[in-house]
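Look at the structure first, then read the points below.

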Amino acid sequence: MGFARMRVLAIYRHFWPDSPPYASMLRSITSHLASDGHDVTMLTEQPGYKAADRTMSCPAHDMVDDVSVRRLARLPGTGIGMVRRIATALFPVRVVLYALGRRLRGERFDVIWTATMPPAINGLGVWLAARILNAKFVYHFQDTYPELQVFTGNWRKNGLLDRTVGWIDRRNARKAAVCITLSEDMADTIAARGIDRQKIIVINNFMLAGFGTDVPLPPHLAKPDDVFRIIFAGNVGRFQGLEAFVDAARLLSMERPAIEFMILGEGSALPELKQRAADLPTVRFEGHMPFDAARPVIASADLGLVSIDPGIYRTAYPSKTLTYLGLGVPVLAVVEPESALAHDLIGNDVGWVADGNDGPALARSIRKAHDARAGIGAARERALSYYRRDLSREAALARWSAIMRDLDQ
């Protein structure tokens, strides 16, 4: 192998078969590191992200793909709103207690890593665990807090939450041996905290692996040959500008009725969007589907929509982009043209960047894509080629291997 076998501890509240995408991604990353020859342990909780997950009960001690999985018990009442939030906040405390127990038994780890949810306190708890176990701390930025909450308007800039979470998470990042993030834009945001840019490494997420069997495309979701389908697949949240998607559909419904607008997923903004589109036959809503079932639906689309509110590109990366490209679906991105996402799409000729984030601007961009529909087949090939070369699961996992080699120095 050319490097020493290390003891690696990954810590996150959700792990496969729990339903968050990161839970499945953790399975891929930890399994890969185990295949590299490392001794990998995953510390997590019993599945509990959604109501359906809470019906599952997994072994407290388990082996998944040569990874030793340790699942903490699900706290009572975690399906209830306030109790669930308390359970989330208590997870880092339970992590510290776990580390103390391991230390008392004389055990050690070389590397401990976690991600950035819940904001700040998860990183703080896992950094303390790493210190207790004398391990190097790796911090995986799936989002950057408090910057994300400030950009979305949830937290007031320089308010109490902004200052408190900012102070804790700057400390987390400073204490980390490596900060892993998803884009150069996010790396710049972290560096702006005063963090050494040399220890910030960009490794994007990747399209989820299917751990189940392939699911055929349901007949009622098959796309007719004369339909140009634009899909938004993922969490239907309130900071993704999907109102403009519906407004664009209204503007184009009479002019180009062959364009179908599909929203695949669930979320807090869904009821309002359904009401907004109630009279539009070209807008179609489909509920949440497991990824194995959603894969053929997404792949059938001619265009995949990525939409994020202004400024968000500095603090997060829309991972659905990778799913679209990995399935050969060109992308229409509603994002600032100076963003890394926009540069990547245009530079690799695998999509379009919308002229703006309102309905008329999005409609103009959709017209351009629809006018170029004869070239969609070639765009699909370019999307697949770009994904396989730069964004694939294999490319990302190779970078994770490199990080472990560097940490062994």
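A disulfide is a pair of cysteine sulfur atoms within 2.5 Å. A search of the whole structure finds zero disulfides. This is a predicted model: local features need pLDDT of at least 70, side-chain atom pairs count only at pLDDT 80 or more, and totals for chains, interfaces and linings use all residues. Residues are numbered from 1 along each chain as its sequence is written, and side-chain values use heavy atoms, with hydrogens and water left out.

**Cysteines**
- Cys58 counts as buried because its relative accessibility is 14% (buried: under 20% relative accessible area; exposed: over 50%; partly exposed in between; 1.4 Å probe, protein chains only).
- Cys179 has 0% relative accessibility, so Cys179 is buried.

**Glu260**
- Glu260 sits in strand E10, residues 259-264 (strands are DSSP runs of E, at least two residues; helices are runs of H or I, at least four; both are numbered from the N terminus).
- Glu260 has a relative accessible area of 14%, so Glu260 is buried.
- Beyond neighbours within four places in sequence, Glu260 is in contact (heavy atoms within 4.5 Å) with Val227, Phe228, Arg229, Ile230, Thr282 and Arg284.
- The side chains of Glu260 and Arg229 are joined by a polar contact of 2.5 Å (a pair of N or O atoms within 3.5 Å; within protein, one must be able to donate a hydrogen and the other to accept it, and residues adjacent in sequence count only if both atoms are side-chain atoms).

**Met82**
- Met82 lies in helix H2, residues 81-104.
- Met82 is exposed because its relative accessible area is 51%.
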